[in-house]
Amino acid sequence: MAARPPRTPPEVRRKRHDPDWEPSIPGKRRVLKTWDEYMSMAKRIIERFDHQFDLRHFDYHHPVRLQKCLPRFRKPYPVKVAYTDWGDPANPIVVCVGGVANTAMRFNYLASDLESHFRVVCMDWVGRGRSGWMADERDYSLATYTEQLRQLIDHLGGGPVIVLGSSMGGSAAIDLVAHHPSLVSRLILNDIGPFIPKARRKRRSATLARHYVFRDPGDLLRKIGASQKNDGPVSDDVRFNVTFHQTRWSDEEGGRVYRHDVRALQAFRADAQESLDQWRQWKKIHCPVLLIHGMMSDALLPPTIKRMKAKHDVAVMHVPNTGHTPVLSDRNQNWFIHEWLMGHTASREWTVLHAKTRAEPAAKAKSPVRLVASRGA
């Protein structure tokens, strides 16, 4: 009698997204022991962008319809909003808006790569970066960010403009285009779609909605490095650019703190207890869309991409070894964004390989074309 073959143990289903995953960081890792060393390094890195842009402001007027305070306290009030302005004012405008804890300076590398053919405007959300703060925590909402984006476009002279939104900025952009389609000619969504699962939103919001004080550079770089692990395999120089502008020195705290209103992050935590569903708005979008997908993202999932493409003619750029969201400092990624904006690519879906790091001289970098594996036609 033949022996029975041994039973195969049931396959253990692996999680697609590991919260503890972190890509390797190319280049030499720097160890800084004092704030003087940190400032010296940061100064060298941020000087790269000196004289390339202007820092400007406009007044965002918060309307009564978006206020949640008692009726007797409701009246329109202004909030000073900061934005960086790159390139020739006569060129087509690209408006860049970031995620829930981002600042406008996160887009420095992208803006520097696009300014030859575009005027690039990167905005700080209210309660972040160099923008002012809202009067009430409940005034921080997706509807507020949509209205702020609309008022910025009006301030720039009206549409149509190109909008690039990362994470929460993409959610606000989807809402804006659905309600004001004439304001936007093209839309770039950086690792964001019309649906974000509740589990991802809750996990991220719980991390953000706290007040952090960094007493020494090592503490800062460890925390920021952990929060940026999904940005892709970026160099220390890129991380320095982001961390320097995302934080500021506080004499009261005796260390560096985040450059944002913690109430804005707490408002996000309250809203993040449920999934974000914008499929109804997505049906109203008819302009060309470029979707940037971090291939290890837990915010933009394959079923969401499939549904987006079923309804709309969407071009998709996949970025390997990257989660939510690509920092857009990579020369290859930015080259493809530039080519899509110029109408020079007919491909509808492709995967882009990582270029040499920004820490190396630009002259040594190879052509982006040779480093890219194209997929689709």
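**Exercise 1. Locate Pro 160 and describe the peptide bond that joins Gly 159 and Pro 160.**

Start with the position. Pro 160 lies in the loop between helix H3 (142–155) and strand E5 (161–166). Helices (H or I, at least four residues) and strands (E, at least two) are DSSP runs, numbered from the N terminus. Next, take the bond. Gly 159 and Pro 160 are joined by a cis peptide bond, with omega about 0 degrees.

Two notes on the source apply throughout. This is a predicted model, in which local features need pLDDT of at least 70 and side-chain atom pairs count only at pLDDT 80 or more, while totals for chains, interfaces and linings use all residues. Residues are numbered from 1 along each chain as its sequence is written, and side-chain values use heavy atoms, with hydrogens and water left out.

**Exercise 2. Describe the largest nonpolar core and the surroundings of Val 163.**

Define the term first. A nonpolar core is a set of buried Ala, Val, Leu, Ile, Met, Phe, Trp, Tyr and Cys residues joined through side-chain atoms within 4.5 Å. The largest one has 57 residues. Val 95, Met 123, Leu 149, Val 163, Leu 187 and Leu 189 have the most contacts inside it. Helix H4 (residues 168–179) gives the largest share of this core, six residues.

Then look around Val 163. Leaving out residues up to four places away in sequence, Val 163 touches residues including Val 95, Leu 149, Ile 153 and Leu 187. A contact means heavy atoms within 4.5 Å.

A further core, of 44 residues, lies apart from the largest one. Among its members are Trp 35, Val 94, Tyr 212 and Val 242.

**Exercise 3. Which residues does Ile 45 touch, and is Ile 45 buried or exposed?**

Ile 45 is found in helix H1 (residues 35–46). Its relative accessible area is 5%, so Ile 45 is buried. Beyond four places in sequence, Ile 45 touches Tyr 109, Asp 237, Phe 240 and Asn 241. Asn 241 is 196 residues away in sequence, yet 6.6 Å away in space, C-alpha to C-alpha.

**Exercise 4. Classify the ring pair Trp 335 and Phe 336, then look for charges over rings.**

Rings of Phe, Tyr and Trp (its six-membered ring) pair if their centres lie within 6.5 Å; planes under 30 degrees apart count as stacked, over 60 as edge-to-face and the rest as tilted. The whole structure has 13 aromatic pairs. For Trp 335 and Phe 336, the centres are 4.9 Å apart and the planes are at 90 degrees, so the pair is edge-to-face. Trp 335 is partly exposed at 28%, whereas Phe 336 is buried at 10%. Elsewhere, Trp 35, Tyr 38, Phe 240 and Trp 249 form one aromatic cluster.

Now the charges. A charge sits over a ring if NZ of Lys or CZ of Arg is within 6 Å of the ring centre and within 35 degrees of the ring normal. Arg 186 lies over the face of Trp 340, 4.5 Å from the ring centre. Arg 307 has its charged end over the ring of Trp 279, at 4.0 Å from the centre.

**Exercise 5. How many disulfides are there, and what is the state of Cys 96?**

Apply the test: a disulfide is a pair of cysteine sulfur atoms within 2.5 Å. The search of the whole structure finds zero. For Cys 96, the nearest cysteine sulfur is that of Cys 122, 4.3 Å away. Cys 96 has 0% relative accessibility, so this cysteine counts as buried.

Terms used
Buried means under 20% relative accessible area, exposed over 50%, partly exposed in between (1.4 Å probe, protein chains only).
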